[in-house]
Amino acid sequence: MTVPDPAPSRRPADSSPAVGSLTAGEIAQMVGGVLHGDAAVAVRAVAPLERAQSDELSFLASARYGGAFAHTAAGVVLVSPELAGASGAVPARIVVDRPHDAVLTVLPLLYPAPARIPGIHPTAVLGRGVNLGGDVTVGAYAVLGDGVTLGDRAWVGEHCVVGAGVSLGADARLFPGVVAYAGTVVGQRASIHSGVRLGSDGFGYVYRDGHHAKIPHVGRCLIGDDVEIGANTTIDRGSVDDTVIGAGTKIDNLVQIGHNCRVGRLSLIMAQVGLAGSARVGDGCVIAGQAGLGGHITVGDGARIAGQSGVFGDVPAGETWSGYPARPHRASLRATAALLKLSSMMRDLERLVKDRS
């Protein structure tokens with residue numbers, strides 16, 4: 001298969017037109033960096049070092065990319081202090097303590113967010129008693145159930161379904177195709193991406209009289225302020241308790257969070273993580289991709305779970321665990337190292353047995 005060359009512009013198709021350009025001098029002043037080179041060099045977009053063109057901004061924050069920096073065609077590069085003297089012929093380099101943070105400062109100016117046009121699309125369906133704040137946006141074919149509340153400047157995208165009594169805080173956004181069941185509360189400035197399902201029933205049954213009897217789910221799904229939830233993630237409502245996602249937590253795509261789970265503030269949960277029912281995750285935790293947490297366990301504040309770990313017991317605050325079953329990271333490394341030695345040990349053992357026979 002032939003992969004086409006990337007287009008000259010890295011500007012996303014759904015972003016608004018850029019402000020035009022920024023000069024190296026303007027960027028240096030904006031990020032508080034020290035400029036070396038031509039202050040008049042202008043950039044219109046951001047790109048990685050190996051693909052950047054003369055009208056694009058890039059950054060160098062690790063020595064491993066020194067080779068790409070030496071050959072880049074970028075017009076302006078943000079460089080960390082320890083790499084300020086790296087070999088390269090860029091027209092302008094800006095030395096700044098944290099290049100990644102500096103890029104975050106510049107990006108919104110080169111890639112303005114799509115304009116939001118307040119109003120209710122004529123194809124949207126609004127139930128009885130809907131309470132709309134000021135300057136809200138409801139897109140085409142969206143459905144708002146009875147008693148829905150939208151805070152000021154809330155944005156419900158096309159084809160969203162917002163169940164009866166659901167509340168969205170000020171400046172919250174549902175991207176197209178989100179479904180929020182009744183009993184869901186979304187905080188201020190939350191960002192919920194396409195395909196997310198909030199407040200669906202959890203997986204709860206009791207075996208009796210020869211069949212699996214469903215446990216009615218009457219709890220809520222509570223999403224805190226400044227939470228971002230990636231595409232196609234599902235968060236169940238509580239059974240008799242609530243499922244809670246704390247303020248400032250960021251959740252990646254394709255994550256499953258079961259009923260009655262509670263995730264603290266400012267945690268990070270990566271793609272394909274699964275939390276079984278009633279799991280507890282503290283504040284400031286990091287759970288890496290494809291990790292699975294068993295039900296009714298607690299992960300303490302600031303703990304880190306490595307990718308593909310299987311967690312079946314409580315994890316103390318501040319610790320890093322990995323492996324399957326998960327254990328403290330150093331112990332997991334020792335267990336893995338021992339397993340890798342096992343094949344050679346088996347050969348030695350087989351040779352010993354053969355020699356004795």
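1. Apart from neighbours within four places in sequence, Gly-119 is in contact with Val-136, Thr-137 and Val-138, contact meaning heavy atoms within 4.5 Å. Gly-119 belongs to strand S8; strands (E, at least two residues) are DSSP runs, numbered from the N terminus. The C-alpha atoms of Gly-119 and Trp-155 lie 9.5 Å apart in space, with a separation of 36 residues in sequence.

2. Gly-119 counts as partly exposed because its relative accessibility is 30%; the class lies between buried (under 20% relative accessible area) and exposed (over 50%), with a 1.4 Å probe and protein chains only.

3. This is a predicted model, in which local features need pLDDT of at least 70 and side-chain atom pairs count only at pLDDT 80 or more, while totals for chains, interfaces and linings use all residues. Residues are numbered from 1 along each chain as its sequence is written, and side-chain values use heavy atoms, with hydrogens and water left out.

4. The second largest pocket holds about 160 Å³ of space. A pocket is an open set of points on a 1 Å grid over the protein atoms alone, where a 1.4 Å probe fits, with protein on both sides within 12 Å along at least five of seven lines; lining residues have an atom within 4 Å of a point. The volume is the space filled by probe spheres set on the points, which are joined across faces, edges and corners.

5. Which residues lie nearest the centre of the second largest pocket? They are Thr-137, Gly-139, Ala-140, Trp-155 and Glu-158, out of 16 lining residues. Strands S8 (119–120), S11 (137–138), S14 (155–156) and S17 (173–174) are the elements that each give two or more residues to this lining.

6. An open sheet is formed by nine strands with parallel pairing, in the order S10-S13-S16-S19-S24-S27-S30-S33-S36; two strands pair if DSSP finds at least two bridges between them. Its edge strands, S10 (131–132) and S36 (298–299), each pair on one side only. Within the sheet, S27 (residues 243–245) and S30 (residues 262–263) run parallel and are joined by two bridges. Val-244 has Arg-262 as its bridge partner in S30.

7. Thr-233 sits in the loop between strand S25 (228–229) and strand S26 (234–236). Is Thr-233 buried or exposed? Thr-233 counts as buried, because its relative accessibility is 0%. A polar atom of the Thr-233 side chain lies 3.0 Å from the backbone nitrogen of Val-255. Beyond neighbours within four places in sequence, the residues in contact with Thr-233 include Gly-195, Arg-197, Asp-252 and Val-255.

Technical notes: Helix = DSSP H or I, 4+ residues; strand = E, 2+ residues; numbered from the N terminus. Polar contact = N/O pair within 3.5 Å; in protein donor to acceptor, adjacent residues only side chain to side chain.
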